[in-house]
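Open the model in your viewer and keep the selection tool at hand. The tour goes stop by stop, with a note on what to select each time.

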Amino acid sequence: MNNVFVICEIDEGKVADVSLELMTKGRSLANELKCKLEAVVLGQDLDGVEAQLFPYGADVVHVGDDKRLAPFTTLPHTSMIVGLFKEEKPQIALLGASTMGRDLGPRISSALQSGLTADCTSLVIGGHEDKKAGKSYENLLYQIRPAFGGNIVATIINPDCRPQMATVREGVMKKEIFDAAYTGEVNKLDVDKFLKPEDLVVNVLDRHMEKSKVNIKNSSIIIAGGYGMGSKENFNALYELADVLGAEVGASRAAVDAGYAEHERQIGQTGVTVRPKLYIACGISGQIQHTAGMEESSMIIAVNNDPNAPINKLADYAITGDVMEVIPKLIKYYKQNTK
Amino acid sequence: MGLKIVVLAKQVPDTRNVGKDAMKADGTVNRAALPAIFNPEDLNALEQALRLKDKYKGATISVLTMGPGRAADIIREGFYRGADQGYLLTDRAFAGSDTLATSYAISCAIKKIKDFDLIIAGRQAIDGDTAQVGPQVAEKLNLPQITYAEEVISVENEKIVVRRRLERGVETVESALPAVITVNATAPDCRPRNAKLVMKYKHAKTITERQSESEDYIDLTADRPYLNIEEWSVNDIETDINWLGLSGSPTKVKKIENVVFQAKEAKRLTPADEEIDELMKELIANHTIG
């Protein structure tokens, strides 16, 4: 009772990275709260799945293994988790901010009338004084996220409702094995107990999964373009530089919204979070919605014609000038010095 | 009987143009200080509804929005593109709602509309980016949901078929009706206003808007009932007041911060050739590149 839960996602038999990242975060929250960490895994053919989760510090792994639970559809998964949560009463429940987590999370939170904060960039335990009501709270989950288009950072709490729920995007939290020899217990869920016949009104007719062509997350050098690039054509200069440096091209939300780059290249709170060795930000002003996804880069070079752009405060090098003048020079002098 | 579609749309502050008066001291948004626009993905949702209306004879579209009085603009924008009916849900009792309290109020309004086959909304609004209201409305109404929709392929024989865009692929799903669909920005853009419809509906108003007109205003709604935008307050829908507004919101904003970057002293460079040359030499020397 009152433990920390992570609702895990399964991708071709493997627990998804975002879920393992949340297990790592969940383990440290559970340690701080002196409670257990529990994982929920739903799907089909899940024999032995707990072995993937114990090293991340799972004390209990709840497994619902049934053909009605794969491929993922919202209603059966909701019924399973709502049923389980009514019994287990978690204090915290975390999900990946994936298409699955962002579909399932709100449905569960509505059924349990509990609060949910989407796309958190940080989760911290802390207290709260409600002076109006004269109540004080300890050990709440601070759900911290950029809000309002990334213009501010908000700390959200759920003082009275449980579980406190949050979704977090892939790459935001670090994935770390807690103890390779750690073991816990497995709880096989009775699927028939929770599933209702009316949960099966949605059928997946067809599914095409493709491996992403863009691999920003694992690239050690990223060249990112913002709205300041001015056009899709100008983005070609970034691909050229990326080609020369062996880098990937990323983009800010404004650039993606303007159609300069594909969505899968988007870096930031509503895109991918990256930690490359070198990040070159071209024509990016540096709204938090973007910087939340790249501020942990080892080295940052900003190219911007505004000397006061916020991105310059994060940068190790700030080049003030026209991106279309600077990029060809970066290419030229890289080539000249590596000959 | 024709297909009855309810489109959920929100008027949002244009978060791409935020000034410093954007936030109030209590951490909620000062909407009055910002330009208000039709939430972009709700326009994608409206377009899907309009395509169904084009395809299925007798289909009708109602636009439902919740917000302050000026959110009636959203309904007029819907009329100008082909919507048939509009509902504005407006009351101070809804102020301060989080996604759950918002979803509850909207679900109560939909219960009052009562006769519908399909609810279509944008995936998320640009002021919150939560993507929660669609699924929560579906849950409150006990209906199936299909999120991340890119195209409603067909609505036939009491079934809807939808193509969804996921992170790494595409999925086609079929659901029983009624259902709630949320539409992605990757779906087709909304058509522009239709000039004839602009002429027809430009005087469409809510009762509050009509009453605040000057004395020589002539109310046309008696002859042309389609010019009435239904306006509902909390008293017009059946609700439990404890589930509305701030008291119905489990999430509270504890703190709002403007972002202050830790001042790291950046080395300032100009685009001069020798400076870029020097930078590249440095990066190669310390093995950052090369």
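Select B:Asp129. Leaving aside its neighbours within four places in sequence, B:Asp129 is in contact with A:Arg102, A:Ala118, A:Asp119, A:Arg145, A:Arg253, A:Thr270 and B:Gln124. Contact here means heavy atoms within 4.5 Å. This is a predicted model, in which local features need pLDDT of at least 70 and side-chain atom pairs count only at pLDDT 80 or more, while totals for chains, interfaces and linings use all residues. Residues are numbered from 1 along each chain as its sequence is written, chains are lettered from A and ligands numbered from 1 in the order in which they are written, and side-chain values use heavy atoms, with hydrogens and water left out.

Stay on B:Asp129. This residue lies in the chain B loop between β6 (118-122) and α4 (133-140). Helices (H or I, at least four residues) and strands (E, at least two) are DSSP runs, numbered from the N terminus. Is B:Asp129 buried or exposed? B:Asp129 counts as buried, at 4% relative accessibility. Buried means under 20% relative accessible area, exposed over 50%, and partly exposed in between, with a 1.4 Å probe and protein chains only. Now show side chains. That of B:Asp129 makes a polar contact with the side chain of B:Gln124, at 3.4 Å. A polar contact is a pair of N or O atoms within 3.5 Å; within protein, one must be able to donate a hydrogen and the other to accept it, and residues adjacent in sequence count only if both atoms are side-chain atoms.

Next, pick one of the contact partners of B:Asp129, A:Asp119. A:Asp119 sits in strand β7 (residues 116-120) of chain A. Its phi is positive, about 55°, although A:Asp119 is not a glycine. At 1% relative accessibility, A:Asp119 counts as buried.

Now go to B:Asn142. Here too phi is positive, about 60°, and the residue is not a glycine. B:Asn142 is in the loop between α4 and β7 (145-156) of chain B. B:Asn142 is exposed, with a relative accessible area of 66%.

Select two helices of chain B: α3 (residues 99-113) and α4. Two packed helices are described by the angle between their axes and the distance between the axes. The axes of α3(B) and α4(B) come within 8 Å and cross at roughly 50°. Axes are lines fitted to C-alpha atoms, for helices over the stretch in contact, and angles run from 0 to 180 degrees between N-to-C directions. The two helices, α3(B) and α4(B), are therefore oblique to each other. Angles under 35 degrees count as roughly parallel, over 145 as roughly antiparallel, 65 to 115 as roughly perpendicular and the rest as oblique. The crossing of α3(B) and α4(B) is right-handed. A crossing is left-handed if the near helix is turned anticlockwise from the far one by less than a right angle, and right-handed if clockwise.

Which residues of α4(B) meet α3(B)? They are B:Val133, B:Gln136, B:Val137 and B:Lys140. On the α3(B) side, look for residues including B:Leu100, B:Tyr104, B:Ile106 and B:Ile110. The contact of α3(B) with α4(B) has 6 nonpolar, 5 polar and 2 charged residues. Ala, Val, Leu, Ile, Met, Phe, Trp, Tyr, Cys and Pro count as nonpolar, Asp, Glu, Lys and Arg as charged, and the others, Gly among them, as polar.

Switch to chain A and select helices α6 (residues 232-245) and α10 (residues 323-338). Their axes come within 10 Å and cross at roughly 15°. That makes α6(A) roughly parallel to α10(A). The crossing of α6(A) with α10(A) is left-handed. In α6(A), the meeting residues include A:Leu238, A:Leu241 and A:Val244; in α10(A), A:Ile327, A:Ile331 and A:Tyr334 are among them. By class, the contact of α6(A) with α10(A) has 10 nonpolar, 1 polar and 2 charged residues.

Select A:His62, in strand β5 of chain A. A:His62 counts as buried, at 2% relative accessibility. The side chain of A:His62 makes a polar contact with that of A:Asn187, at 2.8 Å.

Finish with two peptide bonds. The bond from A:Ala70 to A:Pro71 is cis, with omega near -5°. The bond from B:Leu177 to B:Pro178 is also cis, with omega near -10°. B:Pro178 is in the loop between β9 (169-176) and β10 (179-183) of chain B.
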